[in-house]
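This report goes through a structure chain by chain, then turns to the places where parts meet. Terms are given their cut-offs where they are first used.

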Amino acid sequence: MRSVICCHARNVAAGRQNTTFSRREMRGIEYAMDRRTFLFWMSSVPAFAVVAGAPATASGETLRIAAASSFADAAEDLGAAFARSTGIKTIINAASSSTLARQIANGAAADVFLSANRDWADWLADKGRLDADSLQVFAGNQLVLAVPAGRSIQAAGLEDSLKALKGGWIATGDPEHVPLGQYARDALIGEGVWDKVRSRLIPTDNARAALRLVASGHVAAGIVYASDARAADLEIAFVFPPADPPIAYVAGLVSSAPAGPRFLAFLASDAGTFVLCRHGLTLPESRPC
Amino acid sequence: MLEVEVHHRAGGFALDVGVSVGDGVTALFGRSGAGKSMLVAMIAGLMQPARGRIVLNGRVLFDSETSIDLPARRRRVGVVFQEARLFPHLSVRRNLLYGQWAGGRRNAPDLGAICDLLGLETLLDRSPDTLSGGEAQRVAIGRALLSAPDILLLDEPLSQLDGARRAEILPWLDRLAHEAGTPILYVSHALDEITRLADDLIVISDGGIVASGPVEEVISRIDLGPATGRHEAGSLLRGQISRHDEAYSLTVLSLDGQELTVPAIAGEAGTPVRLRIRARDVALALERPLKISIRNILAVTIAEIAFEDGPFAEVLTRVGEQYLRARITRCSAEELGLAPGAQAYALIKSVAIVRPTLASR
Amino acid sequence: MLSTEAVSALTLSLKVAGLAMVVALPLALFAGYALARWRFPGKALLTVLIYLPLVLPPVVTGYMLLIIFGPNGAIGRWLEQSLGLVLAFRWTGAALAAGVMAFPLLVRPIALAFAAVDQRLEDAAGTLGAKPGTVFFTLTLPLAAPGIFAGVALGFAKALGEFGATITFAANIPGETRTLALAVHTALQRPDGDMLAIGLSMIALSVGALAVGLSEFAASRLRRKRRA
């Protein structure tokens with residue numbers, strides 16, 4: 001870059017209007033800029049820095065919510081409703097409950113944790129990063145075997161449905177750590193088909209990824225949450241019986257932000273449960289929607 | 001027998017050439033940029049002329065009329081380049097035999113014979129990186145010979161070597177010229193190499209042939225001044241060793257019935273020798289001078305005189321069947337009244353005769 | 001002692017990277033030679049395509065592979081119907097992803113190596129009677145070999161460690177496509193997976209270092225042989 005400026009300056013000084021660089025000069029600078037362009041870009045760097053580095057506002061005005069990926073859409077709507085009623089903005093970070101728990105344990109900033117199962121919330125509480133007393137179950141869900149739209153299979157019962165898939169791949173969360181996968185494994189064990197099916201499973205990093213694989217038609221079927229399947233317009237081949245213990249979404253406080261408890265209260269309020277029901281989730285204690 | 005006729009234009013340079021190359025060593029001489037390397041590339045098949053015809057031993061290598069253009073590998077033209085171009089990852093032996101194991105050439109000379117000819121036995125298992133310039137060129141020559149070519153082109157093979165290396169390799173080239181059996185086209189801008197090695201000489205200048213013929217004839221022609229360079233102009237004479245004078249370390253040569261005395265050289269009586277005499281070392285007289293230190297006084301007949309713009313005149317004289325050139329001042333030429341047909345005497349300082357070399361024929 | 005998970009991830013990584021190299025190398029030799037030596041229409045476009053996986057986020061490359069070679073993809077469907085070959089979610093698909101990501105890293109050193117071979121030597125070989133194919137195998141290729149080895153080392157290391165494209169195109173199926181990189185990723189998600197993650201990382205490090213070391217050794221042997 002420096003040589004460009006120097007050559008340019010020399011040329012201008014020598015009274016040459018058009019700065020045609022000599023062959024040797026050109027070879028070293030393939031993307032030569034004239035001086036004016038260079039100075040423009042250099043002066044705009046500070047401007048970018050100011051804009052990009054805008055620091056987060058004080059956490060009193062924003063609430064950071066770490067939400068399980070299967071819950072992401074509902075969390076967005078809840079956050080918007082919460083903001084409308086309280087004026088407190090929310091920032092949603094959605095990923096698998098496992099990923100979020102590990103991030104928070106390693107120091108990621110969050111105020112509220114919405115986990116798709118109890119285990120991860122307990123794990124985080126054991127690490128001292130979550131207030132165990134604040135844990136509350138706020139929603140439930142159902143597990144379904146779904147197939148891509150337009151590929152409905154005519155079969156009743158799980159075994160027949162699985163046979164009808166002709167050995168194709170079945171996407172679900174990774175049973176090693178994703179709540180969806182753990183629920184799916186428990187359900188398949190409960191139905192007595194786990195050993196047959198496990199080699200056909202594609203384990204994904206989060207519930208959303210499993211849903212996308214089914215929705216895009218790249219896999220034959222998926223074991224996903226009923227709420228997600230409906231939201232993505234998938235054909236439902238089989239509905240798993242309610243799990244025991246049931247699928248439970250739990251919420252807990254990670255930080256001491258005052259807005260946190262207000263959000264947890266909002267989850268249980270009429271406005272909150274309205275949003276939950278609209279997204280196909282069930283309510284705790286079998287409350288109707 | 002190689003017959004070449006090519007025409008080509010490239011970037012303002014025009015090459016229009018027609019030559020015939022027969023047995024023995026034919027030298028192609030010209031200044032840098034005269035078109036020599038271009039011609040070599042065209043004969044070898046590395047460059048395509050715009051128009052023309054190249055025939056080697058009756059095989060058509062290139063003919064623009066009938067769209068024949070044999071690729072280099074099928075022409076059986078051996079080339080030795082200025083830089084040896086040895087393959088660095090192969091041993092000298094594998095390099096030498098490349099034409100046979102990779103080029104599929106049959107009927108090649110025996111490896112042992114070529115090694116003898118060029119002194120390569122001790123180099124066979126070495127890597128090309130470790131060879132000196134002269135050794136590398138000898139290997140390159142051997143490699144070209146072992147590919148059983150119908151003709152050998154040497155494109156300024158010594159131009160990248162220093163004086164010592166060139167002196168080292170010239171005797172080998174001499175032997176090659178005698179004993180190889182393959183016709184050789186030797187391209188060079190060094191007159192001393194040519195006078196030592198060549199039988200025939202073709203002079204090329206500015207993309208055109210200006211002279212061709214036996215080397216002794218061509219080299220003494222006056223009108224070649226611009227092509228050959230004034231400084232080097234001279235004559236080539238052929239003679240025989242007559243006897244040796246041990247006491248004074250001299251050798252007497254006989255030349256068309258006359259005698260020349262030179263510093264002692266090796267050789268038996270009757271051995272043919274070739275002499276290079278620079279025109280500026282020759283003086284002329286109308287009478288045979290007495291009481292003079294110059295021993296070599298030859299009776300000559302004036303054949304041609306060329307007066308130049310400057311102070312000099314070039315005089316071509318005949319000694320028997322051979323030609324000897326002299327460079328004297330215009331003033332002296334007029335004072336002496338020299339004219340074609342006149343009898344005169346050429347005075348050549350003994351010590352000015354270039355060290356005689358063994359003639360190739 | 002290596003756990004079964006580690007062994008599975010290791011053998012899978014070697015299989016995937018090995019197949020990727022076996023298929024990518026001849027293509028890279030051809031592409032490298034073409035880029036170094038030939039002039040042809042569309043050369044600039046070809047260059048951009050070859051280096052695209054280097055500049056795109058790996059996940060994007062994986063996604064494009066899914067679109068083209070996946071069960072719904074044009075080529076993927078054709079492969080399944082005519083050859084019975086399925087790549088998505090298979091270790092062969094992981095090899096494809098790894099090969100595509102490693103390809104630019106192979107081509108660049110190879111193209112440089114071919115460009116560095118003195119074409120005057122090739123001319124000389126021609127005058128000695130060698131056909132173009134012979135010249136390539138006896139002269140060009142051996143002279144370019146050290147550079148080619150460097151490319152292979154780079155490409156193999158990249159194929160071993162490939163993550164983004166693999167997990168997107170071939171998914172993270174244990175025993176089928178869960179290579180070392182994916183196994184480390186999965187271990188990190190587990191509540192108690194730290195030790196396993198470290199162990200797998202050590203294995204990945206050793207294998208990568210070994211691959212690079214071997215290739216450097218081979219290249220230096222070649223250079224030394226020439227100097228002898």
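## Terms and chain A

Helices (H or I, at least four residues) and strands (E, at least two) are DSSP runs, numbered from the N terminus. On that basis chain A has 13 helices and 10 strands. The model is predicted: local features need pLDDT of at least 70, side-chain atom pairs count only at pLDDT 80 or more, and totals for chains, interfaces and linings use all residues. Residues are numbered from 1 along each chain as its sequence is written, and chains are lettered from A and ligands numbered from 1 in the order in which they are written.

A residue is buried if 20 or more other C-beta atoms lie within 10 Å of its own, exposed if 12 or fewer, and partly exposed in between, with C-beta atoms placed from the backbone. Of the 289 residues of chain A, 41% count as buried. Two residues are in contact if their C-beta atoms, placed from the backbone, lie within 7 Å. Among the contacts in chain A with a separation of 6 or more, 73% are between residues 24 or more positions apart.

## Helix α13 of chain A

Helix α13 of chain A covers residues 270-278, and its buried residues are A:Gly272, A:Val275 and A:Leu276. Seen down the axis of α13(A), these buried residues fall within an arc of 100°, so they line one face of the helix. The arc is that of the directions from the helix axis to the C-beta atoms. An α-helix has 3.6 residues a turn, so residues three or four places apart point the same way.

The face of α13(A) turned away from the buried side carries the exposed residues A:Asp270 and A:Arg278. The cover over the buried residues of α13(A) includes α4 (72-86), β4 (131-140) and α12 (259-268) of chain A. After α13(A) comes A:Gly280, with a positive phi near 85°.

## The nonpolar core

A nonpolar core is a set of buried Ala, Val, Leu, Ile, Met, Phe, Trp, Tyr and Cys residues joined through C-beta atoms within 7 Å. The largest such core holds 245 residues, and A:Phe113, A:Leu114, A:Val214 and A:Val224 touch the most other members. Helix α5 (residues 91-116) of chain C gives the most to this core, with 16 residues.

Leaving aside neighbours within four places in sequence, A:Val214 is in contact with A:Ala146, A:Pro148, A:Ala171, A:Val219, A:Ala221, A:Gly222, A:Val224 and A:Leu234.

## Chain B and its domains

Chain B has 10 helices and 21 strands. Its radius of gyration is 23 Å, close to the 21 Å that the globule rule gives for 361 residues, so chain B is as compact as a globular protein of that length. The radius is taken over C-alpha atoms, and the rule is 2.2 Å times the number of residues to the power 0.38. Along its principal axes the C-alpha trace of chain B spans about 70 × 50 × 30 Å. Of the 361 residues, 42% count as buried. Among contacts in chain B between residues at least 6 apart in sequence, 67% join residues at least 24 apart.

Chain B is assigned domain 1 (2-219) and domain 2 (234-358), with bounds from an automatic or database domain assignment. The C-alpha centres of these two domains of chain B lie 34 Å apart. Five residues of domain 1 are in contact with eight residues of domain 2. On the domain 1 side, the elements that give two or more residues are α7 (191-197) and α8 (215-219) of chain B, and α8(B) has the largest share, three residues.

## B:Ala198

B:Ala198 sits in the loop between α7 and β10 (200-205) of chain B. It counts as buried, with 26 C-beta neighbours inside 10 Å. Leaving aside neighbours within four places in sequence, B:Ala198 is in contact with B:Val25, B:Thr26, B:Ala27, B:Tyr186 and B:Val215.

## Contacts of chain C

Where chains B and C meet, the contact takes 19 residues from chain C and 22 residues from chain B. The elements of chain C that give two or more residues to this side are α6 (119-127), α7 (132-161) and α10 (194-227). Of the elements, α6(C) gives the most, with seven residues. By class, the chain C side has nine nonpolar, five polar and five charged residues. Here Ala, Val, Leu, Ile, Met, Phe, Trp, Tyr, Cys and Pro count as nonpolar, Asp, Glu, Lys and Arg as charged, and the others, Gly among them, as polar.

Towards chain A, 13 residues of chain C are in contact with 12 residues of chain A. The chain C side of that contact divides into seven nonpolar, five polar and one charged.
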